[in-house]
Structure formats: C-alpha cells, structure tokens
Amino acid sequence: MTFNIDKTDGAARACTIKTAHSVIQTPIFMPVGTVGAVKSLDATDLKEILNAKIILANTYHMYLRPGSKIVKEFGGLHGFTKFDRSFLTDSGGFQAFSLSKNSKPDEDGIKFKSHIDGSTHYFTPRSVLDTQYELGSDIMMILDDLVALPAEKKRIELSLKRTIKWAKEAIDYHKFKQSKGVGIDQNIFGIIQGGTDFEARKECSKALCDMEFDGLAIGGLSVGESNELMYETVENMMPFVDTNRPRYLMGVGTPEDLVENTARGVDMFDCVMPTRNARNGTLFTSYGKINIKSAKFIHDDDPIDSECECYTCKRYSKGYLNHLFKAKELTFFRLASLHNLHYYLNLMRQMREAILTGKFSEFRREFYAKRGVIVS
C-alpha cells in the first residue's frame, strides 16, 4: 500500500491510498457489505453506478457463514463477490461483542456464541488475521477490546492493556506470515481505544504509532457518547496519531459526523446508516433528511434531491418511490440505497475538492447553511 497526502486545509486532508486493487482518494466513505454484499446491491451497482473504490466486509459474519475457507476457494472476497476493487475487513470483535449476549473477553481473545446456531467460538489476534488472509482483503483490522460507553476508568484501563497487547501480537504475527509469503499484498491497521478518556487515548495512540501498522483506526466511538464528546475526543487525540498513515474512524456516521471528523483530520469512514436508513424510507438530501413514506410525497413529481445526479434521482420521482415503499416492493431497497450511498460518496468528493482548492471552511459553512444551521 502506498499513501500520499495530496493537500491539507487546516486539519482536513486530501490523500491518495493505493492498494493492490484500487486507487482510493480521501476523504472516503466505505459502503458496508457485511456478508460480502452491500444490502440490495451487487458489484455492478457498486462499480458502474456508484463508482465505489473500496467497500467493507465483516470478518465475524464471513467466518460464520459461509466460512473463510469457502470464500478462499472462490478467489477470496474479490473472486467470490466479483467486486474487484479494494476490500477492508474488520476483525469481527465488535460483532462478537454486540451480537452475542455471552461474549467474554479475556487476556488472550474473545469467546462468543454464534448468533446463527449458538455454537461457541474464540477469536484471538492471530485467528482473526488467519481468517482475513483467507478472505484476501486489502486492509485487515486487528482484534481490539471494545468498551461500550459510558465506562468506568478501571474497564477502560483493562481495554487499553488488552488492546495494546493484542496489537503487538497481531503486527508481529503479520510480519512473520509475510516472511512466509502469506498476506504480501494485504495491509494491517491498528485500532486505538480509550473511550473518551484523554490520557487513555493518548497512551494507546502512542503505543500503536510505535508499531509498524500500515494505517491507524479510531475505535470505540459512536457507541453511546454524545456527538460533541465524540468530536472532542477525535480532536484531542489527533496530535498523537501519525500524520503519515491513513486515519480511519470506525462506524461513523451521519453526514454531519463525516464533515466534522474530516475537519479534524480523519481520512476514512464506514457506517451502515445510509443503507439501513434507505430500507426504512429515510433518504438523505442536500437540505437534510426526508421520510419518503410521508403522505405529502404521494403526488410529488420531483426527484428526491434537486441537486442530486444519482441513478435514482435522474429517473424516478418521490411519488413513485413513495408508492414502492408502501407497496413493499423490493425495488425500493435498491433505488433508495443507490441514492443514499451516492449522497455519501458525493459528499466525500465535494469535501476532497474543497480541501484541494483551500475552501473547506467555506464548504462546511454552506453544508450547514442548507440545513438552516449557522456555524462560525
């Protein structure tokens, strides 16, 4: 992987990441393809309509079904899904934490029960990498000890101890595997934990920056804290996060979250929000969100967003989409997901252009002005 900072505007960055499968220009939003597919879309939609350069697949789900060995038989995620651009796979630790009522982290890993059949499994720093080697992703995330917020200081300290220990195990194992010819074209990102505790984030950031990770992720946010506290945490820890590696904020978030954290120096984002909201009838526009099931759209012949050039807006009216949603027509999921993901990806392109031209502050003010919010 190569990484270049093309331009900065304040703390905001426009960067270029090159993997074995694609060139990624940041800031970037990664659509979430949890089980090897972005819900209701296929590889053609992602490549030819949305022009997505990188998507995310989930290690936990692919490990349980169909199994990473089966995915490997098909040529890894790229061959299995036919999305031949970049994949990022998370470690699966968050799902082990959130989907299993009986997940139990210890000093060596996380024991959990499958949400599918109740079978017992154990993730370790090495085992999740072994799974990701078989998946063949371009960027692999390490196992970390996630803490729900708010959390007691004692629990955050334990999370830090485990996360740093597991990070060292993971990077050492990855370097060893590469020396044996495994994972040569795969990159590994460390995950910084610490809740909203400044000293904990500082300690974890410094520890992981001393390791040979290809990129650095910020984990453990957007898990119960306020937006303001999330933004403050990111801003406070950025001086301790290496500027010469990609910075990835995991599981975030709303369009406002993307703008605010790009302003603080984050390069990469992912979230299920655009596709999940699409399936529930909530659509993002330049002027805020709309709920397409509202009766006021029954006779509306306008597109979702007059400023949008997406596949859906260029072809269909709000009245038609209102009908599809109420009729429970599956086509709605695709059209709504295409629109919401286009909105997110286009927002990132607009921010990149603003950074490159030195107009990010102006872009941010205009972004909020369209929503009726005045910012300094």
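I began with Asp-90 and found its place in strand S6. Strands here are DSSP runs (E, at least two residues) and helices are DSSP runs too (H or I, at least four residues), numbered from the N terminus.

A note to myself: this is a predicted model, where local features need pLDDT of at least 70, side-chain atom pairs count only at pLDDT 80 or more, and totals for chains, interfaces and linings use all residues. Residues are numbered from 1 along each chain as its sequence is written, and side-chain values use heavy atoms, leaving out hydrogens and water.

**Entry 1**

Is Asp-90 buried or exposed? With 11% relative accessibility, Asp-90 counts as buried (buried is under 20% relative accessible area, exposed over 50%, partly exposed in between, using a 1.4 Å probe and protein chains only). I then looked up the UniProt record, an unreviewed entry, which places the feature "active site" at Asp-90 and Asp-270; such annotations may be inferred rather than shown by experiment. These residues span 181 residues in sequence, yet no two of their C-alpha atoms are more than 10.7 Å apart, so they gather at one spot. Asp-90 and Asp-270 are also included in the lining of the largest pocket. A pocket is an open set of points on a 1 Å grid over the protein atoms alone, where a 1.4 Å probe fits, with protein on both sides within 12 Å along at least five of seven lines; lining residues have an atom within 4 Å of a point.

**Entry 2**

Strand S6 (residues 86–90) pairs with S5 in the parallel sense over five bridges (pairing needs at least two DSSP bridges). I found Ser-86 in S6 as the bridge partner of Ile-54. Why is S5 largely enclosed by the rest of the structure? Five of the five residues of S5 (residues 54–58) are buried, so that is the reason. Ile-54, Leu-56 and Asn-58 point one way from S5, while Ile-55 and Ala-57 point the other way.

**Entry 1: Ile-70**

Next I checked Ile-70, which sits in helix H3 (residues 68–73). Ile-70 is partly exposed, at a relative accessible area of 35%.

Last, I traced an open sheet of three strands, in the order S7-S8-S9, with antiparallel pairing. S7 (104–105) and S9 (120–123) stand at the edges with a single partner strand each, so one side of each has no neighbour in the sheet. S7 is joined to S8 (residues 110–113) by two bridges, and Lys-104 stands opposite Lys-111 in S8.
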